[in-house]
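This briefing is intended for reading alongside the sequence and the coordinates. Please keep both in view while working through the topics below.

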Amino acid sequence: MCMLHSKGLSVSKQKEFRLPKHVIPINYKITLTPGIKVTTKTGDNEEVIYKFTGVEEVKVNVLHSTDRIVLHSANLEIHSASFVTKKGKRIEGIVTLDPKNEFAIITFNGIVPKGKGSLHMSFTGIHNTKLKGFYLSQWQDADKNDHQIFTTQFESTDARQAFPCFDEPAMKATFDVRLIVDSTLTALSNGRDIKTESIGNGKKMVTYERTPHMSTYLVAFCVGEFESSRPVFANGKEIRIWSIPGKNDLKEFALECGAFGVKWYEDFFNRPYFGGDKIDMIAIPDFASGAMENTGLITYRDTALLVNKATASYAELARVCEVILHELAHQWNGNEVTMDDWDGLGLNESFATIMAYLSMNDMFPEWHVYNEFGIDRAGAFALDSLKSTHAVEIPVSHPDDIQQFFDTITYEKGGSLLFQYIQYAGFETFRTGMRIYFERHALGNATVSQLWDALEEGAKVDGKDIPVRRLMDFWWKTAGHPVVSVAEGDKPGTIKVTQKKFQFLPAGDKDVWPVPLHIRYKLAGGAVVEQKHLFDAAEETITLGDKEIEFVVLNAGGSGFYRVDYSDGLREKALADVQNTLQIIERFNLVNDSWASVRARSENSMTSTEYLELVKSFSSETDANVWAVISGALRTVYGLTKGDHRQAFKQAIRDTVRPVFDKLGWTPKEVESVHTLQLRGQLASLLGTVASDRDIRAEAAVQFDKWKADRNSVDPNVVPALISILSYTGNKARFDEFLALSEAAPTSQEKLRFLGALGNFREEGLYKEAIELTLSGKIRTQDAPFILAGIIGTEHAGETAWDFMRANWEKIVATYPDNAVPRMVSSCSALDTPELQAEVVDFFAKNKVKEGDMAVAQMIERLSVNVGLRETETPKLTSYLETSARALASSKA
């Protein structure tokens, strides 16, 4: 269904949801009074809701005289509307609402003249609990007292739920905000508070500095009982971390990342932060996304901002760092220079994705984050291998469509395409082009073509002739990606390369990409050589020299967004000394591309049994990212086995993995990389769960007891593995212990670690209890959909969780955030039997998922791939394992 969005839109259809362009906003003066408690009784039932009231004056420029003005409004009651001309004449208006298009149409009893004037409105709204617009978040203190927070999430089209506005990215304005709140509360907004005055009745009015010229979706307010960190300053910008009280010990790492990011971006763009002299970052207890880049007031899910540096795992620290740097990147690319419309979302998210990794690589070079980026890119590859994928840039026909594009394609694929260009052109050349782009479009809006033009000019400034627009436009606007096959050519020293679109379920597409090949090779008797080559034909023979090839690596450095399929001969040469021939990211790509080939099941694809043989070449592998792919594949293959064959496969996993783990041991050495620390936990989890390693399971219980006695006695990177193993093998007592530990957890990361493990328990009564918890109100609605999704994805409890989801569908839709439901639904691709597949297809044919047409189509396609994989590969695995068992028995005889 999503391809209909990308290819079947008419111009008139797109314009239906757009505002007229003859009224241009200049400045908003907004006064809001949030948190008005309203209690209603129906019989014995009492319902409490919270409302807000508002008045606003919007200075506008009317381009031609008119008798009506159209702007956006959703879920607001507008009490009055009038227009005041430049000469002071007031013209009264009548408001008609168009809920479908979320318009407020103001018809005036006179003609609004051309020129500047001001639109005046008063209105009332409700603080919803769906985590968007001007919404309600709640938390409890140690004495179980409830506290309220009134906060905002406006991206993409929900500013209109807080105040009537021209809610499109190109309709920028400045904002003067005043908030009337209880005197005991803290009230934050985009600008620095410049005046606080008592107005009686326990209320105060806080006035904020005018914002820069910006889009409505970047406006923000946060009102509640908040506690601030100490301030730090970066090039004169004051940075503070805010949260509910009692969490200041979790803010130091965020302060470090924030200060580094501001300095790094100001240097990269060669221009100061545009939003003023302060940047507040605040953790909200209920938050639907990871974070939101509101100018000067960045809001976060608390797990993406607050972290205990001493007890957090590397993955948790890296997540916080990456999210903070991502949001700070937006302050330039997205906030100061904004996409012209939502079809250019990649200008925001793709760039913030790769900019976060570029800056993080400078902040923590020892983390080798470009290898980590391979995992993100692998997720984009997987989604982009579906027929139901989409291009990075895609037309938007309705506000509900916009939210669907906040996905792996827009973030990770778009970021990967930019990284591909950066590695091809060079970092300095990329930076030169970005500086040109900002000089041209500062405080305005831009299209992706204007960016390509700036990058192309930057290349010319640096003396490089790179056809950036031709190169990038095709990749950016074309769904899917190629697989480049490589074999030795007819003559020594040559290779033959061919390309075609890679899809799990091929549709016969004939696209030919301009592929920026990065080749590393060694010919007989020669040195290792690297070269770059633009491959833009269906096939080509490339001459490397006139000697025999010792090895050749396509996609050297791993930055290209294309898969590589080596001929058997070239793969054998690469694997002969794989640890020295291939870099980490190249080894990652090899195992990832090979596993994708298994899943594709095409005529020349690798089989699951051939993949298992390939894995044996990685017996000395020590990188966590490479093992993440291998472990995931082994777990999938495990799910394709049963009975005695499953027992044989468990032994095969132990034979492969245990020697690697034993070299590491349970205790970190004095000097270990973060990826070695990660690897220990990964392998322990694999061995202690599906591989049923008794020794690992027994020691996991010992290590967990140590950790409970002293949080610092066990490496933080091992703790998630301990929880995984003990939940996999646990009983009722362990379940109750984990539930209690989740309630007492000192950090949100730890709380979610235990809650997420509850569905791993194998006893039916226990996983059913875990499933019921997701709609009990005891788990935050921001977290519950993902916990339920995790259970749907399990072999032992998936069908039960699926039945629960269907039986409670109306309550789930009413309770969970709108953007979380499609992500939860995606997990149904794990229900990979023909019988369950039929149920899934039938259910979602009858139950539309809001903002989820594309997610449902992709899930159903992935489900088809998974069912086909089971049907095709299980017989092959059965034969393979039987042969392996006979060979082992023969060797022991």
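Between which two strands does the loop that holds serine 156 lie? Serine 156 is placed in the loop between strand 9 (146–153) and strand 10 (174–182). The model discussed here is predicted. Its chain comprises 29 helices and 29 strands, and 59% of its 893 residues count as buried. The points below are grouped by topic, beginning with the overall form of the chain.

**Overall form**

- A compact globule of 893 residues would have a radius of gyration near 29 Å, and the 28 Å of this chain agrees with that expectation.
- Along the principal axes, the C-alpha atoms occupy a box of roughly 100 × 65 × 55 Å.
- Among contacts in the chain with a separation of 6 or more, 71% are made by residues 24 or more positions apart.

**Backbone geometry in loops**

- Most residues other than glycine have a negative phi, and most peptide bonds are trans.
- The peptide bond between glutamate 155 and serine 156 is cis, with omega at about 10 degrees.
- Leucine 443 is not a glycine, yet its phi is positive, at about 65 degrees.
- The loop that carries leucine 443 runs between helix 9 (427–441) and strand 22 (445–446), and leucine 443 counts as partly exposed because its relative accessibility is 37%.
- Arginine 601, likewise a residue other than glycine, has a positive phi near 55 degrees.
- The position of arginine 601 is in the loop between helix 14 (584–600) and helix 15 (608–615); with a relative accessible area of 27%, arginine 601 is partly exposed.

- Glutamate 372 belongs to helix 6 (residues 369–384).
- Although glutamate 372 is buried, it has no salt bridge. Arginine 319 provides the nearest side chain of opposite charge, at a distance of 11 Å.
- The side chain of glutamate 372 does make a polar contact of 3.3 Å with the side chain of histidine 675.
- Beyond neighbours within four places in sequence, the contacts of glutamate 372 are Tyr314, Asn625, His675 and Gln678.

**Helix 20, an enclosed segment**

- Helix 20 (residues 719–729) is largely enclosed by the rest of the structure, because eight of its eleven residues are buried.
- The buried residues of helix 20 are Val719, Ala721, Leu722, Ile723, Ile725, Leu726, Ser727 and Tyr728.
- The cover over these buried residues includes helix 16 (624–639), helix 18 (674–688) and helix 19 (694–709). Helix 21 (732–744) and helix 22 (748–757) are also included in that cover.

- Asparagine 819 sits in the loop between helix 26 (809–815) and helix 27 (820–825).
- With a relative accessibility of 11%, asparagine 819 counts as buried because the cut-off for that class is under 20%.
- The side chains of asparagine 819 and serine 289 are joined by a polar contact of 3.5 Å.
- Apart from neighbours within four places in sequence, asparagine 819 contacts Ala288, Ser289, Gln403 and Glu851.
- Methionine 824 is part of helix 27, and its relative accessibility of 0% places it among the buried residues.
- Residues up to four places away in sequence aside, methionine 824 touches Pro785, Leu788, Ala789, Met805, Trp809, Ile812 and Tyr816.
- Lysine 491 is 333 residues from methionine 824 along the chain, and the C-alpha atoms of the two are separated by 53 Å.

**Cysteines**

- A disulfide is a covalent bond between the sulfur atoms of two cysteines.
- How many disulfides does the structure hold? The number is zero.
- Cysteine 257 is in no disulfide, and the nearest cysteine sulfur, which belongs to cysteine 321, is 3.7 Å away. That distance does not qualify, because a disulfide requires the two sulfur atoms to be within 2.5 Å.
- Cysteine 257 is buried, with a relative accessible area of 0%.
- Cysteine 828 is also buried, and its relative accessible area is 0%.

Key. Residues are numbered from 1 along each chain as its sequence is written. This is a predicted model: local features need pLDDT of at least 70, side-chain atom pairs count only at pLDDT 80 or more; totals for chains, interfaces and linings use all residues. Side-chain values use heavy atoms; hydrogens and water are left out. Helices (H or I, at least four residues) and strands (E, at least two) are DSSP runs, numbered from the N terminus. Buried means under 20% relative accessible area, exposed over 50%, partly exposed in between (1.4 Å probe, protein chains only). Lys and Arg count as positive and Asp and Glu as negative; His and the chain ends are not counted. A salt bridge is a side-chain nitrogen of Lys or Arg within 4 Å of a carboxyl oxygen of Asp or Glu. A polar contact is a pair of N or O atoms within 3.5 Å; within protein, one must be able to donate a hydrogen and the other to accept it, and residues adjacent in sequence count only if both atoms are side-chain atoms. Contact means heavy atoms within 4.5 Å. The radius of gyration is taken over C-alpha atoms; the globule rule is 2.2 Å times the number of residues to the power 0.38.
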